[in-house]
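The entries below follow the order in which I looked things up.

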Amino acid sequence: MMRGADIEAAAAAGSWHSNGSPPQVREAAGATRPYEPIRVPSDESCGPSSYRPSVLASERVLLWTTPHGVTFQNQLEQLYPESYVVKLFFVMAESLDERTRNDYGAGLLHFNQFCDRLSIPEQDRMPASEVLLSIFIADAAGSISSSTANNWLAGLRFWHVINGAQWHGERSECLRHVQRGLRLLAPPNLNLQHLPITLESLIQLHQGLDYSNTFDTAVLAIACLIFWCGCRLEELIIPTFDSFDMTKHVTRSILPIVTQESNNVRHSTFHIPWTKTTGNNGADINVTSRDHLTCPHAALFRHLEANPNIPSHAPLFSFQTPTGAWTSMTEQWFLKRCNQFWGP
């Protein structure tokens with residue numbers, strides 16, 4: 001369940017494995033794609049199935065099921081009121097943060113696409129056998145990193161737990177050797193450590209971006225704040241469109257940002273609602289002007305001036321498109337644009 005939703009109301013609404021859309025409380029985060037040069041492929045999907053409704057990636061661990069999962073839920077509902085059972089599942093899902101649920105949802109998508117290709121019957125997908133898990137991971141060898149494989153397996157494991165299914169990957173010698181082999185077969189670029197971003201890198205980005213392009217002004221503002229103000233990327237922008245959370249992601253409701261000046265140095269402060277170290281206590285971001293072409297203060301206000309007509313509930317680094325609409329900056333778009341100058 002997405003953060004901010006009314007769990008009591010969701011539980012009272014009925015079965016969590018119904019074919020209809022689940023009750024949701026979502027904040028608009030924009031869905032218009034930016035113009036060139038950024039292209040984002042549409043999400044893939046599984047074959048049609050009543051066990052896998054079309055839902056957000058973050059909701060798949062909760063709302064995708066199997067014959068085993070349906071039987072497990074029915075057994076629980078014979079012992080306890082349905083609303084209590086549904087609330088149990090929602091609270092379990094809340095043990096994962098939004099980003100983890102998205103990652104786990106991606107793993108479930110790949111697993112079920114793999115099962116569709118091999119015509120694996122629905123009843124054999126859960127509990128997934130040791131051999132099925134091993135073949136699934138082995139099939140991806142050479143195309144994914146070991147960390148991606150671990151995320152996929154962690155998502156499958158949680159999916160089994162929430163559906164009351166036995167997990168056969170815990171002490172599997174076969175799977176252990178497959179994971180080791182996958183790590184050795186991963187393409188070299190997937191195992192390389194990322195080099196640190198230097199001031200020279202930031203200058204290169206500044207010189208390459210087009211400041212008549214509202215998307216590029218947002219990219220530079222984010223990059224400069226990360227470099228000069230010690231922010232983390234996930235503290236400033238949303239990972240994906242379906243992961244926007246107003247309790248975690250900074251929005252334009254903080255505007256206007258007041259600028260003060262002392263000793264010819266401009267400085268401003270704004271609050272972000274969440275950080276990796278302080279959690280939901282958030283933190284104040286202090287932005288100080290610098291006598292440099294990558295000045296974070298100038299970059300931030302350039303972005304705000306270039307994108308004035310965006311609602312207050314939108315993420316802070318949303319940007320306007322040529323059509324007059326607006327959309328949210330995502331981590332994928334930001335990194336893809338930067339890597340056009342910095343390389344993979």
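**Salt bridges**

I began with Glu 173 and Arg 176, whose side chains meet in a salt bridge at 2.6 Å, N to O. I take a salt bridge as a side-chain nitrogen of Lys or Arg within 4 Å of a carboxyl oxygen of Asp or Glu. Both residues lie in helix α8 (residues 173-185), 3 residues apart, about one turn of the helix. Glu 173 is partly exposed at 44% relative accessible area, and Arg 176 is partly exposed at 45%. Buried means under 20% relative accessible area, exposed over 50%, and partly exposed in between (1.4 Å probe, protein chains only).

I noted the ground rules next: this is a predicted model, local features need pLDDT of at least 70, side-chain atom pairs count only at pLDDT 80 or more, and totals for chains, interfaces and linings use all residues. Residues are numbered from 1 along each chain as its sequence is written, and side-chain values use heavy atoms, with hydrogens and water left out.

I then searched the whole structure and found 9 salt bridges. Asp 216 pairs with Arg 337, the closest N and O atoms being 2.7 Å apart. This pair links distant parts of the chain: Asp 216 sits in helix α11 (residues 214-229) and Arg 337 in helix α14 (residues 331-342), 121 residues apart. Both Asp 216 and Arg 337 are buried.

Asp 116 forms a salt bridge with Arg 52, with the closest N and O atoms 3.8 Å apart. Asp 116 is in helix α5 and Arg 52 in the loop between α1 (7-12) and α2 (60-63), so the pair ties together parts that are 64 residues apart in sequence. Is Arg 52 buried or exposed? Arg 52 is buried, with a relative accessible area of 8%. Asp 116 is partly exposed at 27%.

**Overall fold**

I counted 14 helices and 5 strands in the protein. Helices (H or I, at least four residues) and strands (E, at least two) are DSSP runs, numbered from the N terminus. Of the 344 residues, 46% count as buried.

**The sheet**

I traced an open sheet of 3 strands, ordered β1-β2-β3, with antiparallel pairing. Two strands pair if DSSP finds at least two bridges between them. β1 (259-262) and β3 (283-288) stand at the edges with a single partner strand each, so one side of each is left without a neighbour in the sheet. I logged 4 bridges between β1 and β2, and 6 between β2 (residues 265-272) and β3. Thr 259 stands opposite Ser 268 in β2. Phe 270 has Ile 285 in β3 as its bridge partner. The hairpin of β1 and β2 has 2 residues between the strands, and Asn 263 there takes a positive phi near 55 degrees.

**Two buried residues**

I checked Phe 114 in helix α5 (residues 98-117). Phe 114 is buried at 2% relative accessible area. Beyond residues up to four places away in sequence, Phe 114 touches Leu 132, Ile 135, Phe 136 and Asp 139. Contact means heavy atoms within 4.5 Å. Phe 114 and Phe 136 are 22 residues apart in sequence and 6.9 Å apart in space, C-alpha to C-alpha.

I turned to Ala 314, in the loop between α13 (296-306) and β4 (319-320). Ala 314 is buried at 0% relative accessibility. Leaving aside neighbours within four places in sequence, Ala 314 is in contact with Thr 251, Arg 252 and Trp 326.
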